[in-house]
Amino acid sequence: MSDLKYKIIIGLEIHVQLCTKTKMFCGCALEFAAEPNSRVCPVCLGMPGVLPVMNKKAFEYSVLAALALNCEIASFTKWDRKSYYYPDLPKNYQISQYDLPFSEKGFIEIPLESGESKRIRITRAHLEEDAGKNLHTAGNFSQVDLNRAGTPLLEIVTEPDMNSADEVKALAVELQRIVRYLGVSEADMQKGHMRFEPNINLIITKDGTEYKTPIAEVKNLNSFRALERSIEYEAQRQLDEFLDTGKVMQMGNKSTRGWDDANQMTVLQREKEEAHDYRYFPDPDLLPVEMNDAWLDEIKSRLCELPLQKQIRYVTDYKLSDYDAHVLTAERSTAEFFEQAVSATIEQAFIFGGDPKKICNIITQAGLKLAHEQNCTLSELGFTPENVARLARMVEDGYVNASAANTILEEMTKTDKDPQTIAKDMNLIQKSDAGELEAIVDQVLADNPKAVEDVKSGGKKAKKAQGFLLGQVIQKSKGQANPKIVSQILTKKLS
Ligand code: ZN
Ligand code: MN
């Protein structure tokens, strides 16, 4: 067997739909699932003689995203026409940016499994408009819906710096978090707000010689799963093809492939990259955009702490696990709610703030579940960060146990009462009174002589038997006995 090693090389092209109210070059509303061809006007229908006008908000959203991706912002940028003919593109060209994109040379830090981060270079980011949609759902013909035509798209191109499907997924997730944090895109994959096109090939080392397989570009992936699976599939396919045929990269033998989700495989679309002549030329109907310092500073002032920075800070500042920190920072509103709870002034014990770990537990174990059930964000559930901090303090002080805290939190979505009042009203306060608990313990010990014997014998069964007795006491108290105190009483009585 010969000596063979290989490395996967992946670059990405990503289209992100911006969440502006209106389209890129006309005043039509951006609306998902509206009646076909109801959100159109002469501009986005490509009627002759109409004049497009740039959506300033879309441009500012793009600059904001590019700043977060550490890109340089051009002081002068222009619009170009990219010509091609397709039924869903009535103008026969797409307004895009060619040689002078509004930004380039950035990078994004992605979190790796190991807990470290990796820097992926961004080649460029430019702004363009989307095409309409061809529908092939009715009988023996196709229909065209132009509602999407003219939707602002931010196109981001990375350098081929990724080396596994995991890294690509990490970048996709990170980018989704970033654009959501900035509020420039809803980044809803199911609505096609983010579409990925990975360029994949292998560098194979065989018997000391290095070979590169031809690059395959997989078009239009709109789920994280398809993105991951297509890369894994493509790496294996290229390796097999190399071993079978010895096919290697030559000048321009790049292919375009599609993802067949039903069969979980990529399918060849075009073998040789056609010598595409998009006949790019500056759009004579649109003015170039000149960026001045004041405008750029104003956009910069809208930047916020980015999700990965927050995640790392939560681990160092609050001693949370990387997993918890990731869950809390997935959505900006959740992270902000958490931070408000941590820094809330609560009167109990006159302590400033709640315990971050306890607050985190309440949010991640109960809060996000409730938010998911009610299809809203954490901050829309109706309780305040202060009350969550109070509840966390109650758990910390042993006033209520963790499961009671979940019940109280749920009640807090329905009433404005504070958690302490709810705990009293619902009879959820832990019994910590030693005398009262001792009576229950005595009863349980009398009822379970076998377990008592096992504990006293000190043998293998002792630990399990003591756990059993503790469980019995908790059960008898209807879950209200403070386990810590019960344990102490049990140990004292059984030693
Ligand atoms: Zn329009
Ligand atoms: Mn594009």
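In this predicted model, contact means heavy atoms within 4.5 Å.

Q: Which residues is Thr-266 in contact with, leaving aside its neighbours within four places in sequence?
A: By that criterion, Thr-266 is in contact with Val-218, Ser-230, Tyr-233, Glu-234, Arg-237, Arg-257, Gly-258 and Trp-259. Thr-266 itself belongs to strand 15, residues 265–270.

Q: Why does Thr-266 count as buried?
A: The relative accessibility of Thr-266 is 1%. Buried means under 20%, and Thr-266 therefore counts as buried.

Q: What makes the pairing of the Thr-266 side chain with the side chain of Glu-234 a polar contact?
A: A polar contact requires a pair of N or O atoms within 3.5 Å, one able to donate a hydrogen and the other to accept it. The side chains of Thr-266 and Glu-234 make such a contact at 2.7 Å. The side chain of Thr-266 also makes a polar contact with that of Arg-257, at 2.9 Å.

Q: Why are helix 12 and helix 14 called oblique to each other?
A: The axes of helix 12 (residues 434–447) and helix 14 (residues 462–476) cross at roughly 125° and come within 9 Å. Roughly perpendicular covers 65 to 115 degrees and roughly antiparallel begins over 145; the two helices are therefore oblique to each other. The crossing of helix 12 past helix 14 is right-handed.

Q: Which residues make the contact between helix 12 and helix 14?
A: Helix 12 contributes Ile-440, Val-441, Gln-443, Val-444, Leu-445 and Asp-447, and helix 14 contributes Leu-469, Gln-472, Val-473 and Lys-476. By class, six residues are nonpolar, two polar and two charged.

Notes: Residues numbered from 1 in each chain as written. Chains lettered and ligands numbered in written order. Predicted model: local features only at pLDDT ≥ 70, side-chain atom pairs only at ≥ 80, totals over all residues. Heavy atoms only, no water. Helix = DSSP H or I, 4+ residues; strand = E, 2+ residues; numbered from the N terminus. Buried < 20%, exposed > 50% of the residue type's maximum accessible area, 1.4 Å probe, protein only. Axes fitted to C-alpha atoms, helices over the stretch in contact; angles between N-to-C directions. Parallel < 35°, antiparallel > 145°, perpendicular 65-115°, else oblique. Left-handed = near helix turned anticlockwise from the far one by under 90°. Nonpolar A, V, L, I, M, F, W, Y, C, P; charged D, E, K, R; others polar.
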